[in-house]
Amino acid sequence: MKRNLIIVAALLLFIGCTKQKKEYVSKEKFTDEVRLKTTPVKNQGKSSLCWAYAMLATIETEHLMKGDSINLSTDYVARMYLLEQAKRKLMSQKRKTLLGGNDTPITTRGMSGMLIDLIQTYGLQHYDAYHQRKNTNYNVIARKLNQAVMAPKSAHIGTEMNHLNEFLDAEIGYIPNHVFLYGAVYTPQEFARSVCRNDEYLAITSFLHHPFGEYFPLEVPDNYFHNTFLNVPIEEMITKMERTVRAGHPICWEGDISEDGFSYANGFARIENESMKPTQEQRQKAFETFKTTDDHCMEIVGIAHDKQGNKYFCCKNSWGRTNRFGGFMYLSYNYVRLKTIAIYVPQK
């Protein structure tokens, strides 16, 4: 895909994973065929941290299905992501005479695979040890942090990072130095490695502008770490998703929610013509014309069907419990065929 298209896409993505609309609530019922265990539904608030919520939820369910009890801190990952960006900006400003500086603003946007990279470096905390009990606006924090980096109090990067940490302590809370769980004591890095290896999840996508069977860095604006994805035909992806969930494993899903057929209040998503299975070529056209964009991430935790026998993937969302299914969503297989950007499945 051409770079100028990617730039245009970036301008279209300032809405997305926080978007909710008021609508009439239907009474349609779904029958669960498979439903995996989950931690309680959380609420990302006004942030664009759906990618972190969805990937952590996927890791949590993977452990719950093995009999482990685990609930992970999105606030910890969010803080470390903000600090990572602040450090990069400070270092680039130091070299700006040679490199031109870093004008990219600090953001809360991202892709789910980035969470794996972040926790391998910075570790993890348990939810009970580090989570916000107040309505923290991460978008405001990101803007304030960006302003602080652009006007540093110190020319020394280490000293300035201390100042930024103090700012985040005040905004989010002090970070515990250790993780205490079931009588054991971990560093955040040890805890992260105990719950998720860096090669535990396979990132998969399905587009025609790269050969099938090869890995490539997906050209979406939120792929800030330039992560690569295995490219497979869409029907192969759908088959992989169904087999994975039926085998008791969750999936992290990234896709488009801008369609009229996506109804949070009703708790389901469908395409306009459910009687026609979307083709690979239709997927590609929707992606290249920005009708399919990287809007939102959710955890797939089940398979269901409606009264007509149409299949759906059941997803755990991160907008709280205010819809008719307590925060869960049912995405039709055809919606997933057309609107999926990428998935993350356990390598096993």
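These are my notebook entries on a predicted model of one protein chain.

**Ground rules**

I number residues from 1 along each chain as its sequence is written, and my side-chain values use heavy atoms, with hydrogens and water left out. Since the model is predicted, local features need pLDDT of at least 70 and side-chain atom pairs count only at pLDDT 80 or more, while totals for chains, interfaces and linings use all residues.

**Entry 1: the whole chain**

I looked up the secondary structure and found eleven helices and 13 strands. Helices (H or I, at least four residues) and strands (E, at least two) are DSSP runs, numbered from the N terminus. The C-alpha atoms fill a box of roughly 65 × 50 × 40 Å, taken along the principal axes.

I then checked the radius of gyration, which is taken over C-alpha atoms. The chain has 20 Å, and this agrees with a compact globule because one of 348 residues would have a value near 20 Å. The globule rule is 2.2 Å times the number of residues to the power 0.38.

Buried residues make up 55% of the 348 residues. Buried means under 20% relative accessible area, exposed over 50%, and partly exposed in between (1.4 Å probe, protein chains only). The accessible surface comes to about 16,200 Å², and 52% of this belongs to carbon and sulfur atoms. Accessible areas come from the Shrake-Rupley method with a 1.4 Å probe; for residues, only the protein chains shown count as cover.

For contacts (heavy atoms within 4.5 Å), I looked at separation in sequence. Of those with a separation of 6 or more, 79% are between residues 24 or more positions apart.

**Entry 2: strand S7**

Which residues of S7 point one way, and which the other? Ile251, Trp253 and Gly255 point one way, Cys252 and Glu254 the other, and all are buried. In a regular strand the side chains alternate between the two faces of the sheet. S7 covers residues 251-255.

I next looked for the partners of S7; two strands pair if DSSP finds at least two bridges between them. S7 pairs with S10 (residues 296-305) in the antiparallel sense over five bridges. S7 also pairs with S13 (residues 340-346), again antiparallel, over four bridges. Trp253 has a bridge partner in each of these strands: Met298 in S10 and Ile343 in S13.

**Entry 3: strand S10 and its other partners**

In S10, nine of the ten residues are buried. Strand S1 (residues 31-35) pairs with S10 in the antiparallel sense over four bridges, and here Asp32 has Ala304 as its bridge partner.

S10 and S11 run antiparallel and are joined by six bridges. They form a hairpin with five residues between them, and Gly309 in the turn has a positive phi of about 90 degrees.

**Entry 4: strand S12**

S12 (residues 328-332) has five of its five residues buried. Phe328, Tyr330 and Ser332 lie on one side, with Met329 and Leu331 on the other. S11 (residues 311-316) and S12 run antiparallel and share five bridges, including the one from Tyr312 to Ser332. Strand S9 (residues 268-269) runs parallel to S12, with two bridges; Ala269 has Leu331 as its bridge partner.

**Entry 5: Tyr344**

Leaving out residues up to four places away in sequence, Tyr344 touches residues including Met55, Tyr201, Phe229 and Glu254. With Glu254 there is also a side-chain polar contact of 3.0 Å. A polar contact is a pair of N or O atoms within 3.5 Å; within protein, one must be able to donate a hydrogen and the other to accept it, and residues adjacent in sequence count only if both atoms are side-chain atoms.

**Entry 6: the nonpolar cores**

A nonpolar core is a set of buried Ala, Val, Leu, Ile, Met, Phe, Trp, Tyr and Cys residues joined through side-chain atoms within 4.5 Å. The largest has 59 residues, and Trp51, Leu115, Leu124 and Leu218 touch the most other members. Helix H3 (residues 74-94) gives the most to this core, with nine residues. Apart from it lies another core, of 41 residues, among them Val245, Trp253, Ala269 and Ile271.
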